[in-house]
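I opened this notebook to record what I looked up in one structure. The entries follow in the order in which I made them.

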Amino acid sequence: MQQLFDTFLSCYGWEGAALAGVLLVLLIVQLYYYTYSFSRIPGYKNSRRRTVRKEPPVSVIVPMFAEEYTFVEERLPLLLAQNYPAYEVVIVYVGQDNDFYEDLLRLKNSFPQIYTSKILLDPRFPISRKMALNVGIKSAHYDCMVFTSTDAYPQSDRWLSLMAQGFLRGDIVVGYCGFERHKGLKNYFMRAWRMMHSVPWLARAIARRPYRGTLHNIGFTKTIYFGANGFGQLNMNIGEDDLFMQQIMTRDNVSVVLTPRATLHEKTWGGLGWWLNRLRYFGSAEHFYPQAVKNYLHWEIGSRVLFFAAVVCAIAVMPLEYKIVAAFLLFLRFVAVLVGVHRIAKRLGENGMIFGYFFYDLFSPCWSFLLTLALLRKDQRVWR
């Protein structure tokens, strides 16, 4: 081994040896994420956890901050068509339109499982999502509650049944929500980003080190909520799906539901500018994450960028045989990433994700850097 190292050193010098070491270390870090940590998702079985209760009745709580007729006409029927025997849909309307609220109340004549509450909107006293959810929680008739938004809709009539089964094995249930699929590169990039930025927290939850969920597809019990004295960080308009969840999540009380039939899709209302604005708004909470979580999130993209840079450096300045090995390591990493992402996408019900993933893998660090710059400026919408 020493003779081999001396030969390598005589051929490529200390610079070449150091570069080889950097390439191997960064490749190992990348393989750790995509072949070990993230691979927990496609292989996960929730049935491995012990049962803590019988299949419960469930309250689905939906805050509504505008007169959203498209939700009532298109997405609410999908909630009401869920194949589950005991559930209610609690709509919390925040607004001033009495006619619209009367229309919501009349829905109960046809759908008795609908319950509606109203919070009068006063421009002088803005109502946050936390406040609306608090009203919905207090209005709910059942202990087990699932939370979603007016922008999201289930992919099957078994979504609620599967989320309710999650309560058999935990007091907190987390599921996945992707973006709806359209044609075009922008939509693909948004869908890939949502999936790959959900993968870390799903993988950590499976590993019994949870730190967040998604506000479109999450659930917990009233007992957990009131035991924590309700939502914290009341000086912020965000944080109910991550900062609050970090307060109530433990190694043993989180149940993860992963199947395409339990996936929701969120509607998109704009292009990359709209999306960056949302990322900047909700991303403001990441500043308050535990350092271990920040390290876990940053090491993947950081090691990816450094690995690409090391490969470029090797190809640019090293001899031909060194270039070939560096290119092979790049190819090896991409194959491992592609296989891992394919298995994850299949488990989450994200179709058509593989063919363009090379470009996402290559250019998403640029978008991440742009988001980091945007987060340097304090978003006043976050604070109350």
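Is Asp 379 buried or exposed? I found Asp 379 buried, at 4% relative accessibility (buried means under 20% relative accessible area, exposed over 50%, partly exposed in between, with a 1.4 Å probe and protein chains only).

I noted that this is a predicted model, in which local features need pLDDT of at least 70, side-chain atom pairs count only at pLDDT 80 or more, and totals for chains, interfaces and linings use all residues. Residues are numbered from 1 along each chain as its sequence is written, and side-chain values use heavy atoms, with hydrogens and water left out.

I then looked up the partners of Asp 379. Asp 379 forms a salt bridge with Arg 280, with 3.6 Å between the closest N and O atoms (a salt bridge is a side-chain nitrogen of Lys or Arg within 4 Å of a carboxyl oxygen of Asp or Glu). The pair links distant parts of the chain, 99 residues apart: Asp 379 in the segment after helix 12, Arg 280 in helix 9 (residues 272–283). Helices are DSSP runs of H or I with at least four residues, strands runs of E with at least two, numbered from the N terminus. Arg 280 is also buried, at 10% relative accessibility.

The structure holds 15 of them. One of these joins the side chains of Glu 266 and Arg 194, at 2.7 Å from N to O. Glu 266 lies in strand 10 (residues 264–266) and Arg 194 in helix 6 (residues 185–206), 72 residues apart. Glu 266 is buried at 1%, and Arg 194 is buried at 15%.
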